[in-house]
Amino acid sequence: MDPRTESPPTPVPSSPKSASRFSRRAWAWSAVGAVVTLGVLAGMVRVERSARGPVLVQVGEWVDVPAPVAGQVMSVHVGLSQKVQAGQVVARLETASGAAEVVAPLAAMVGRVSVTKGARVGAGQPVASLLNRDAVLPSLYVLFSEDYRPELAPGMTLEFQTPGMPHPLETVIEQVEGPEESLQFTKAQQRDAAYPEGAVLIRAHVPARNYERDGKKRVYQDGESGRAQVKLGTQRLLVAWFPGLRDALP
């Protein structure tokens, strides 16, 4: 037997290619795990869901003057900014049953004239709109996306804020206008391009004639604008990321 001590075997270093493959697999499994964990959390966590849109303040209240019956406009007797009295003739129509008059329901100022001579109108279609500045409280007009229409109703809480307000104020929705009225308002405000799928018009009043800022009472300015929102409950974070899952997930 050879008395010399045998040297231990020299370890063979791992191949760089093998280590690189292991590193890539580790990162891939880590990424998959992170995505799965994020998906599970997104499916469990619930976040607040709100309808948001622009708000317009008007010191006064718009009152439509509708056609009593369908017919053709034979003459228009008022103009913009003209003051009218209750019962004053706004326009005359030629109908299937003869002549008919469209009269102002109250004393106010003409804010919009929606028809011209020769135009055809349907029963109930606005011929003009009056601005009643004697209204007790300034009015709010809010536009939301048409998608929110089924979830909005009178009595819901509406939050609004204009640039001069230190914090949002709350009021309640009084009226949810139909598609035609909403479209007319959107076009009048030149916002129809911002709502290619349609908009829903919400009407309300401010809670008081003034608000407080810097310890002083401030009054609302006619025509000032801001932002408004209506809280619609909560939804899963995953649905907030992918709205198409709303019908599939409670």
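Reader: How many salt bridges does a search of the whole structure find?

Author: The search turns up six salt bridges. Bear in mind that the model is predicted.

Reader: Why would side chains pair like that at all?

Author: Side chains that carry opposite charge can pair when their charged atoms come close.

Reader: Ok, take Glu159. Which residue does its side chain meet in a salt bridge?

Author: Glu159 pairs with Lys231, at 3.7 Å from N to O. The two belong to distant parts of the chain, 72 residues apart. Glu159 sits in strand β11, residues 157-161, and Lys231 in strand β17, residues 225-236.

Reader: Is Glu159 buried or exposed?

Author: Buried, because its relative accessible area is 17% and the cut-off for buried is under 20%.

Reader: And what about Lys231, how is that one classed?

Author: Lys231 has a relative accessible area of 44%, so it counts as partly exposed.

Reader: Next one. What does Glu177 pair with?

Author: The side chain of Glu177 forms a salt bridge with that of Arg203, at 2.4 Å from N to O.

Reader: Are Glu177 and Arg203 buried or exposed?

Author: Glu177 is buried, at 7% relative accessible area. Arg203 is buried as well, at 16%.

Reader: What about Asp214, which residue is its partner in a salt bridge?

Author: Asp214 pairs with Arg213, and their closest N and O atoms are 4.0 Å apart.

Reader: Where do those two stand on accessibility, buried or exposed?

Author: Asp214 is exposed, with a relative accessible area of 67%. Arg213 comes out at 27%, so it counts as partly exposed.

Reader: Changing topic. Where is Ser129 found?

Author: Ser129 is in strand β9, which covers residues 126-132.

Reader: Buried or exposed?

Author: Ser129 is buried, since its relative accessibility is 2% and anything under 20% counts as buried.

Reader: Which side chain does it make a polar contact with?

Author: The side chain of Ser129 has a polar contact of 2.8 Å with the side chain of Asp64.

How values were computed
Residues are numbered from 1 along each chain as its sequence is written. This is a predicted model: local features need pLDDT of at least 70, side-chain atom pairs count only at pLDDT 80 or more; totals for chains, interfaces and linings use all residues. Side-chain values use heavy atoms; hydrogens and water are left out. Helices (H or I, at least four residues) and strands (E, at least two) are DSSP runs, numbered from the N terminus. Buried means under 20% relative accessible area, exposed over 50%, partly exposed in between (1.4 Å probe, protein chains only). A polar contact is a pair of N or O atoms within 3.5 Å; within protein, one must be able to donate a hydrogen and the other to accept it, and residues adjacent in sequence count only if both atoms are side-chain atoms.
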